[in-house]
Amino acid sequence: MDWVKKLARGYTLQWCRDHRALRLFLQAAPPPKLVLANLSNITDSEVSLLRDRVAGEEGVTLVAVGSAPQQCSLALRAGADGFILTCEPAESARGRLQAAVRGEMVLCAEAVAALQTQFETYRIRTNAIAETLSRREGEALALLCRGAPLRTIAQQMGVTYNTAVTYIRRASEKVGASSRIELTRFGFQIGIERLRPSASDSDDDTPHAG
């Protein structure tokens, strides 16, 4: 691919253009210092493997290549140090590669706009879910985020252990969390301070206003 050759001129790198090339990189010992990964040709599970491999090595620069700006968030999840669009002119893309090697992430305007849209959409979605929690469910979640075990949550809320379990179960169902770890992560994402009810709030069935 001429575009990649122009991009990589003067660099020694591993071009993970597909599943096979990615597997070779994952098995390499030691890995190359500069890795270019084609996000369009690898799966989400392979992205996780790529992230774990890079995280375990010092001095490895990973630059993700995507065909759409929306793939920039995937690049961040992969632990990439840079993101390049295949539609960019080779010289512009080369500038982003050079920035990544220097330890800087310089994103194109399209990628920045896509990230802003995605994060705003995510914030709106999580806020909408948070507002379906009742006051007491929100209080139980806030205590869970502070590291309180279920018995302590029950004591602090003045309810039975089984009632505390019910609050956490209902919150998990509304959030779509499959574990208390996922539920806790959601609590931190929306901000546990907003889950703290006022002293007069005691209605179990009243949705928590953001």
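Colleague: Hi! At which N to O distance do the side chains of arginine 96 and glutamate 88 meet in a salt bridge?
Modeller: This is a predicted model, in which local features need pLDDT of at least 70, side-chain atom pairs count only at pLDDT 80 or more, and totals for chains, interfaces and linings use all residues. Residues are numbered from 1 along each chain as its sequence is written, and side-chain values use heavy atoms, leaving out hydrogens and water. A salt bridge puts a side-chain nitrogen of Lys or Arg within 4 Å of a carboxyl oxygen of Asp or Glu. For arginine 96 and glutamate 88, the N to O distance is 2.6 Å.

Colleague: How many residues are in the largest nonpolar core?
Modeller: A nonpolar core joins buried Ala, Val, Leu, Ile, Met, Phe, Trp, Tyr and Cys residues through side-chain atoms within 4.5 Å. Leu22, Phe25, Leu39, Leu50, Leu62 and Phe83 have the most contacts inside the largest one. That core's residue count is 24.

Colleague: Which residues point the other way from Gly82 and Ile84 in S4?
Modeller: In a regular strand the side chains alternate between the two faces of the sheet. Here Gly82 and Ile84 point one way, and all the residues concerned are buried. Pointing the other way are Phe83 and Leu85.

Colleague: Which residue in S4 is the bridge partner of glycine 66?
Modeller: Two strands pair if DSSP finds at least two bridges between them. S3 and S4 run parallel and are joined by 4 bridges. The partner of glycine 66 is leucine 85.

Colleague: Which residues does serine 73 touch, not counting those up to four places away in sequence?
Modeller: Serine 73 lies in helix H4 and counts as buried because its relative accessibility is 16%. With contact meaning heavy atoms within 4.5 Å, serine 73 touches Leu115 and Gln118.

Terms used: Buried < 20%, exposed > 50% of the residue type's maximum accessible area, 1.4 Å probe, protein only. Helix = DSSP H or I, 4+ residues; strand = E, 2+ residues; numbered from the N terminus.
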